[in-house]
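Please read it alongside the sequence and the coordinates.

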Number of protein chains: 2
Amino acid sequence: MSEGPSLHVLILAGGVGTRFWPASTPARPKQLLALGSERPLIVDTVERALKVAERDRIRILTGAHLVHPFQAALPQLPDSAYWVEPRARGTGPVLAWAAHQVAAQDPDGVLISLHADHLIDPDEALSALLPRAAALASDEDLLLTLAVPPDRPETGYGWIRPGEPIRDEAGLRAWRVGAFVEKPDLPTAQRYLREGYLWNSGIFVWSARRFLEEVHRHAPEIAPHLAHLDRGEVEAYFQEVSPISVDEAVLERSGRVGTVEATFRWDDVGSWASLSRARSGDEAGNVTVGETHAVQAGGNVVWAEDGPVVLFGVDDLVVVRTGGITVVARKDRSPDWKELVARLPERLREGGFGSADASGDDA
Amino acid sequence: MSEGPSLHVLILAGGVGTRFWPASTPARPKQLLALGSERPLIVDTVERALKVAERDRIRILTGAHLVHPFQAALPQLPDSAYWVEPRARGTGPVLAWAAHQVAAQDPDGVLISLHADHLIDPDEALSALLPRAAALASDEDLLLTLAVPPDRPETGYGWIRPGEPIRDEAGLRAWRVGAFVEKPDLPTAQRYLREGYLWNSGIFVWSARRFLEEVHRHAPEIAPHLAHLDRGEVEAYFQEVSPISVDEAVLERSGRVGTVEATFRWDDVGSWASLSRARSGDEAGNVTVGETHAVQAGGNVVWAEDGPVVLFGVDDLVVVRTGGITVVARKDRSPDWKELVARLPERLREGGFGSADASGDDA
């Protein structure tokens, strides 16, 4: 596929977010939902990966309980594609484990880390960019992130301040990272937008070897425990390692970090409201999944998995019907979804309630 | 029960309104819904009737397709209680038919006409008032309506301008009717409220004989066809008679019409929004039927017949989940429900869609 370093794609597919409850549940997390297209997000992500890497170099990093549903959704991948974390410890430990496994077989291999639940459009822009970013990571010996030119003062994302330019070619602009900044408040986000900051997509590109060196240099939460992996003691490694994100453990501490400008539209689909951006709606701006009849209604997000939904005279709502549960919320409250779910009885939180599978009228 | 004339209660229970769709459908009209209490409205109405009339003097006037569901809901009534209209022709023809049948057996009997789908509170006030109103109708030889003191400028009701007083006793105030007026616009309703107009409840009290005389005198749409009834030709009567309301056919034309002030709270439960008045809500003003979780939400009407409903941050909505259909509307649009239903595909309008009966978690 590329003439540069060999590419290995790691798909981060753990996490049991509640932000799309009741459509998402512990047994059916967001990446198994068809939020971006008519297919589950994980299927979109794997198809994306197959455009840049050999089939046997694509790995799904996830928990044991999700292997079977992923296998059912992904007949194109062999069973060896699943690397099962014995316990969730954040992105730092799992990416160090994955780098260790790849480095053992392919010391010069470049890792590309994708999230299983992001939207990217068009895929072709990503698959054109990644080999060039991988070559850059190898040539410059850098840990690279992909950074997205923002179109709004988004408070839900981390941002990156670009530093010294590394490349400025057609289709490949890259900088040293000036700073990673956490999710800002609105006035700060507005300033970032004016001052040319970029969104941190969480898509990473780096050689297995360079990443492990930076882990050893900067991440005492992880590095001392890597010896377990040399002895094949995966369970012990995950038991002893501290939970930490790769951003905190490595990227924010290392001096060898760069960022490459994304050439595609990107969304982390972090809430029901984000579907209004991620999917095209009707002429009144209603984004709907399943049979919906919107009468004098606009700007709504509807997930109708359990019979038709009728809207009348309502604007800017989220309406979800699935698994025997009906949820009606103001769309601008969707960032507070975890707070909502925490306030509900446990039996509702687990979903799969009542009559979901009894309704066969819409798929 | 009373020492005055014998009382016969006619319960008008036809009509296949769409104003509570999808909870109400042609096969399950509003009077079969538990809108006023934990029992269907028709059951509340029959219990009310049993407080003023003998069991065998209570008649349900309805269409053939509703007899079976009513029988199931009303074990306290014999099968002879059902008088089945061969076709719906409005209240004029059906009340003339009923008066003709009662008069044949009990010429001095007084008819009390109740709607099967109204709310009355307390029932005891009605059952105390009706025998006195019946005596007044007999003594004065008048057709009486019950008129409700208004508490708001309601545009959804017909109003009555009281004329010359007939009685002004404790618990019995009555007037000649000055005028019946149609559903007014808001400024007119505000004027009516200031000027002492009353709401027309549609509850009627009159002797069978006097009513038939007034039909013969004023209602050419009905009177010539009554001869069919003398020969037992009910089908022919309903085929030839013109569709017309009793208000238009008789009350607005006759000079022998009076009105009695109601001593109870009354609501015709004409829309989802009216449930906010008819039933007591939670501390945030949410009126709910079935399992509902309202989080930072107020003033909503929820009908959750098919699994739990969760509200989050929304106000003044109607949310209905029943028969496999989910409806979300602004509460102030509920008077326009017929318009909504007319715009939907036929298969939705008929209800009973999908998985309603599969969910047994709430009753």
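Into which domains is chain A divided? Chain A has domain 1 (7–267) and domain 2 (272–358), with bounds that come from an automatic or database domain assignment. This is a predicted model, in which local features need pLDDT of at least 70, side-chain atom pairs count only at pLDDT 80 or more, and totals for chains, interfaces and linings use all residues. Residues are numbered from 1 along each chain as its sequence is written, while chains are lettered from A and ligands numbered from 1 in the order in which they are written.

**Domains of chain A**

- The C-alpha centres of domain 1 and domain 2 of chain A are 29 Å apart.
- Contact between them involves 13 residues of domain 1 of chain A and 20 residues of domain 2 of chain A; two residues are in contact if their C-beta atoms, placed from the backbone, lie within 7 Å.
- On the domain 1 side, the residues in contact with domain 2 of chain A comprise seven nonpolar, four polar and two charged. Here Ala, Val, Leu, Ile, Met, Phe, Trp, Tyr, Cys and Pro count as nonpolar, Asp, Glu, Lys and Arg as charged, and the others, Gly among them, as polar.

**Interface between chains A and B**

- In the interface, 32 residues of chain A contact 32 residues of chain B.
- On the chain A side, the elements that give two or more residues are β13 (292–295), β15 (309–312), β16 (317–322) and β17 (325–330). Helices (H or I, at least four residues) and strands (E, at least two) are DSSP runs, numbered from the N terminus.
- The most residues on this side come from β17(A), which gives six.
- By class, the chain A side has 18 nonpolar, eight polar and six charged residues.

- One open sheet of six strands runs in the order β12(A)-β14(A)-β16(A)-β17(A)-β15(B)-β13(B), with mixed pairing; two strands pair if DSSP finds at least two bridges between them.
- At the edges of this sheet stand β12 (287–289) of chain A and β13 (292–295) of chain B, each with a single partner strand, so one side of each is left without a neighbour in the sheet.
- Neighbouring strands of this sheet are turned by 5 degrees against each other on average, direction ignored.
- The pairing of β15(A) with β17 (residues 325–330) of chain B is parallel over four bridges, and Val310(A) stands opposite Val327(B).

- In chain A, α3 (residues 91–105) and α6 (residues 208–218) pack at an angle of about 135 degrees, their axes 9 Å apart. Axes are lines fitted to C-alpha atoms, for helices over the stretch in contact, and angles run from 0 to 180 degrees between N-to-C directions.
- This makes α3(A) oblique to α6(A); angles under 35 degrees count as roughly parallel, over 145 as roughly antiparallel, 65 to 115 as roughly perpendicular and the rest as oblique.
- The residues in this contact include Ala96(A), His100(A) and Ala103(A) of α3(A), and Arg209(A), Phe211(A) and Leu212(A) of α6(A).
- By class, the contact of α3(A) with α6(A) has eight nonpolar residues, one polar and one charged.
- In chain B, α3 (residues 91–105) and α6 (residues 208–218) pack at about 135 degrees, with axes 9 Å apart.

**Backbone geometry**

- Most residues other than glycine have a negative phi, and most peptide bonds are trans.
- The peptide bond from Trp21(A) to Pro22(A) is cis, with omega near 0 degrees, and Pro22(A) sits in the loop between β1 (7–12) and α1 (41–50) of chain A.
- In chain B, the bond from Trp21(B) to Pro22(B) is cis, with omega near 0 degrees.
- Asp316(A), a residue other than glycine, has a positive phi near 55 degrees and lies in the loop between β15 and β16 of chain A.
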